[in-house]
Amino acid sequence: MRKALVVGINDVSIMVARLLVSNGYDVSMIAGNEDEARLGGRGGIPAYVYVGDPRNEGFLRDAGIDESEVVMLFMDDAMNLEVARVAKSRGGVPVIIALISNKEKYLDAFIELGVYAIPIVDAVLSKVAHYLRLPFKQLLYSDDKVQAYYVVISSESPYINQEVKDVARRCGAAIPLVIRVMRL
């Protein structure tokens, strides 16, 4: 059976653990304290809950990190990064995913480590745009010099069948990537 380790117990991690269990994973969870452990117990997930410091390599080993195909991180960003470093040092975890709050401060560190990072704000913006059926763009990145957008062009757009260089010149923007989706 495939194994997954969920580090940090909260409403979101409980839902992810349920998703993993329903897709055939044997899930273990790590709680940072007894209150988290109780929350995990009330979640109704068939998972063993360990209580302790997930930065401790021996504790992670006892919780099953060496057998885990997936490690999911749901603690604060600094703790998630520390645990990801320990998990990476173990060498055997193929997929590590961290939910992060401060992407400006932490995203690059997770990427450099080879950890999939899900910025909370991006996940929320994506869902809001989806539910509101916002047809045009979503801000992906912004600093004082550069802004990057994900732009969806509808079938009614005046940009359909235009050369990319012409669209870029008309919009006054660089277009580094175009993904075409054809509907039959």
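The following dialogue examines how terms are applied to this predicted model.

User: What makes up the protein in terms of helices and strands?

Analyst: The protein has seven helices and eight strands. Helices (H or I, at least four residues) and strands (E, at least two) are DSSP runs, numbered from the N terminus. Buried residues account for 32% of its 184 residues.

User: Why are Lys-3 and Asp-26 said to form a salt bridge?

Analyst: A salt bridge requires a side-chain nitrogen of Lys or Arg within 4 Å of a carboxyl oxygen of Asp or Glu. The N to O distance for Lys-3 and Asp-26 is 2.8 Å, so the pair meets the definition. The pair links distant parts of the chain, with Lys-3 in strand β1 (residues 2–7) and Asp-26 in strand β2 (residues 25–31), 23 residues apart.

User: Why is Lys-3 called partly exposed?

Analyst: Buried means under 20% relative accessible area, exposed over 50%, and partly exposed in between (1.4 Å probe, protein chains only). Lys-3 has 29% relative accessibility, so Lys-3 counts as partly exposed. Asp-26, with a relative accessible area of 29%, is likewise partly exposed.

User: Which classes do Asp-35 and Arg-38 fall into?

Analyst: Asp-35 stands at 53% relative accessibility and therefore counts as exposed. Arg-38, with a relative accessible area of 45%, is partly exposed. Their side chains meet in a salt bridge at 2.3 Å, N to O. Both residues lie in helix α2 (residues 34–42), three residues apart, about one turn of the helix. In general, an α-helix has 3.6 residues a turn, so residues three or four places apart point the same way.

User: What makes Glu-82 and Arg-55 a salt bridge, with the closest N and O atoms 3.8 Å apart?

Analyst: The 3.8 Å between the closest N and O atoms of Glu-82 and Arg-55 falls within the 4 Å limit, so the pair qualifies. Glu-82 belongs to helix α4 (residues 77–90), whereas Arg-55 is in the loop between β3 (48–51) and α3 (57–62), 27 residues apart. Asp-53, Arg-55 and Glu-82 are linked in a network of salt bridges. A search of the whole structure finds four salt bridges.

User: How do you know that the buried residues of α5 line one face of the helix?

Analyst: Lys-103, Tyr-106 and Phe-110 are buried in helix α5 (residues 103–113). Seen down the axis, the buried residues of α5 fall within an arc of 95°, so they line one face; the arc is that of the directions from the helix axis to the C-beta atoms. The face turned away from this buried side carries exposed residues, including Glu-104, Lys-105 and Asp-108.

User: Why can Ile-120 belong to a nonpolar surface patch?

Analyst: Patches are made of residues with over 30% relative accessible area and no salt bridge, with like charges joined within 9 Å and nonpolar side chains (Val, Leu, Ile, Met, Phe, Trp, Tyr) within 5 Å. Ile-120 has a relative accessible area of 34%, so Ile-120 passes the 30% threshold. The patch, of about 330 Å², is made by Ile-120, Val-124, Val-128 and Leu-132. Ile-120 lies in helix α6 (residues 120–131).

Note on methods. Residues numbered from 1 in each chain as written. Predicted model: local features only at pLDDT ≥ 70, side-chain atom pairs only at ≥ 80, totals over all residues. Heavy atoms only, no water. Areas by Shrake-Rupley, 256 points an atom, 1.4 Å probe, with all protein chains shown as cover.
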